[in-house]
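Biologist: I would like to learn how to read helix packing and sheet order in a model. Please take the features one at a time.

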Amino acid sequence: MADPAIATSLHLALELHKPLLIEGHAGVGKTEIAKVLARLLGTDLIRLQCYEGLDASTALYEWNYARQLLHIRLQESDGHAPADSEAKIFSEPFLLKRPLLQAIAHEGRPPVLLVDEIDRSDEEFEAFLLEVLSDFQVTVPELGTIRARERPHVILTSNRSRELSDALRRRCLYLFIDHPPFEKELTIVRRKVPGATEDLAAQIVALVQRLRRAKLAKVPGVSETLDWAEALVVLHAAHLTPELVGETLGCLVKDEADLRKVRADIEAGRLPLGAA
Amino acid sequence: MTADLVRRTVVLCRDLRSRGMTVTTAHAIDAIRALRCVRMESRERVYLALRCVLVARPEEMEIFDDAFAVAFSPPPPGAVENSVRVQRRSAPRDPAAVPSLSSWAKQEEEGGDGEDAEAVPAASDMPAVVQKDFSTFGADELADIQRIASRIARRLAARPSRRWASDRRGRRIDLRRTMRRALAEPLDLCFRRRKPRKTRIVAICDVSGSMDLYSRFLLQFLYALQGTVARVESFVFSTVLRRVTDVLRQPDYARMLRGLSAEVHDWSGGTRIGESLSTFNRDWGRIVDRRTVVVILSDGWDTGDPSLLGAEMEMLQRRSRRVVWLNPLLGSADYQPLTQGMQAALPHVSVFAPAHNLAALRALERHLLS
């Protein structure tokens, strides 16, 4: 999907060597962009999934304690002095590389580092990440400083569940992805669910576009459209009927109150099922 | 690259800055570097490239579009599909039009140097002050009362989070530390415990008419929690809703209040609670999750449709951990929540409490942080 805004943003991120921050509703394909970029560049994708409480040791590196303990035990039974083992157990084989360090220590072509849903991490982690992203080097006290040979391509995504700091925004290029318009979503459905007939695909997209304008608690994204299209194809549907929609609506609308509302709208004929 | 293009870009950057966006010199340099990477004969490419570098949040898209149209007249080709249309901020009205808050800010500047905070007695030592309704204080007392409110807020305790801190006793073994020490003396276990977690609070405050004063106290009170035990997002409304979190973040106290009076142009007027909450749910609903406490301060005098208010309250209640409705009128013994608005909202409220004096603010603790 060569959307000019997306293409320009990726192009600039590569040329200017800056991280790209992508915001948009859930399910519009933010994560997908990173995957496609990695594929286009023929390089590895390293993904850091954020969550509240994510801290440096989970994101960067940790020592393999179980292995260290085992090693000390073995050394003891061999009668070695503990002093010898210190250098040994704090060496690279005992280091567990977490995504950020993996991206920095990566060999070969610079990888794509995807920091997914950065809005879920807390402010402290955001500050830490800023530091890592600004110099791409990490100091492990026991090992020394590890520096990236070439800067990884960094993509951050956010669902806007909280406002990110200005400092982070300033560092990044910015791309906002809205729900696609009818024509574009139809193209996506055709390409990703080739089993759907022309009629069905058009009806599906028309209905989804209408639902997005209705006031729902959880607005369906493109991924929901695709799930739904696939479900309908499995059921060998050629057209939408009220019964069929009723049975499969759960693929699209994932909130109980929304479901009730949409069902009522369909029964009352307020949501026409014909193609737009 | 043509000198004209560079000049236009610099003009654009300066214009964006004057419109309140953060555009640093580094941004301007990046913008010019970016132009070198795209086909400059394509107006759309130039537009997209500059937008990508200079815009940092969807709310700024419209401002950018405007400024771009001016700097690169004739206007850019039709809408680019993915740009979002967000209501443009209306120009702030003359600050003189909001006398109450401006004067408050002025007072703050003249009166308090902030250093004598220690001289203010603890809230518990002043029962009379603690029980007194905010609206009955004289203008000269407000600054002092505000300081007490902030101190109460800062004393409030914190909750555990998923982050860890080393501890002599905790319940989880800190393997990293244990291994470090094991080299010297085996099996001296180090423990860790959860670090305090910050609660998320979303405050939506009515600033129409008589609610103005109470809202200011609540916002200030919550502001003191900001960054210590809670993450606070603040909104005010009377006829329209406005996010004021960034205004409240201004480091300098008096400037912050001035900023607020400039930002909130309808600081006194009619109330449309239902519509304001509807705007909130539409534009900001995403920031409310199961750990968020939503605090609404209003007297419930809604001039809009009560069924809309009910529906929006239901949605808020479903998304959040708790909805706390603060009604300063509850502080008076003979108040009955009989207005249509209040009646529509109450079924979806977990906590209905007053917020008319310091004691009431202090009592908020258990509703907010538990």
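Biologist: How do α9(A) and α11(A) pack?

Modeller: Two packed helices are described by the angle between their axes and the distance between the axes. In this predicted model, helix α9 (residues 182-192) and helix α11 (residues 222-234) of chain A pack at about 45°, with axes 10 Å apart. That makes α9(A) oblique to α11(A) (angles under 35 degrees count as roughly parallel, over 145 as roughly antiparallel, 65 to 115 as roughly perpendicular and the rest as oblique).

Biologist: Which residues make the contact?

Modeller: A:E185, A:I188, A:V189 and A:K192 of α9(A) meet A:V222, A:T225, A:L226 and A:A229 of α11(A); contact requires C-beta atoms, placed from the backbone, within 7 Å.

Biologist: What is the strand order of the open sheet in chain A?

Modeller: Strands of a sheet pair through backbone hydrogen bonds, either parallel or antiparallel. Here the 5 strands follow the order β2-β5-β8-β1-β9, with parallel pairing (two strands pair if DSSP finds at least two bridges between them). β2 (45-49) and β9 (173-177) of chain A stand at the edges with a single partner strand each, so one side of each lacks a neighbour in the sheet.

Biologist: How many bridges join β5 to β8 in chain A?

Modeller: There are 4 bridges between β5 (residues 112-116) and β8 (residues 153-158) of chain A. A:V112 has A:H153 as its bridge partner in β8(A).

Biologist: Is B:A203 buried or exposed?

Modeller: B:A203 is buried, with 27 other C-beta atoms within 10 Å (20 or more count as buried, 12 or fewer as exposed, in between as partly exposed). B:A203 lies in strand β4 (residues 199-206) of chain B.

Methods. Residues numbered from 1 in each chain as written. Chains lettered and ligands numbered in written order. Predicted model: local features only at pLDDT ≥ 70, side-chain atom pairs only at ≥ 80, totals over all residues. Axes fitted to C-alpha atoms, helices over the stretch in contact; angles between N-to-C directions. Helix = DSSP H or I, 4+ residues; strand = E, 2+ residues; numbered from the N terminus. Contact = placed C-beta atoms within 7 Å.
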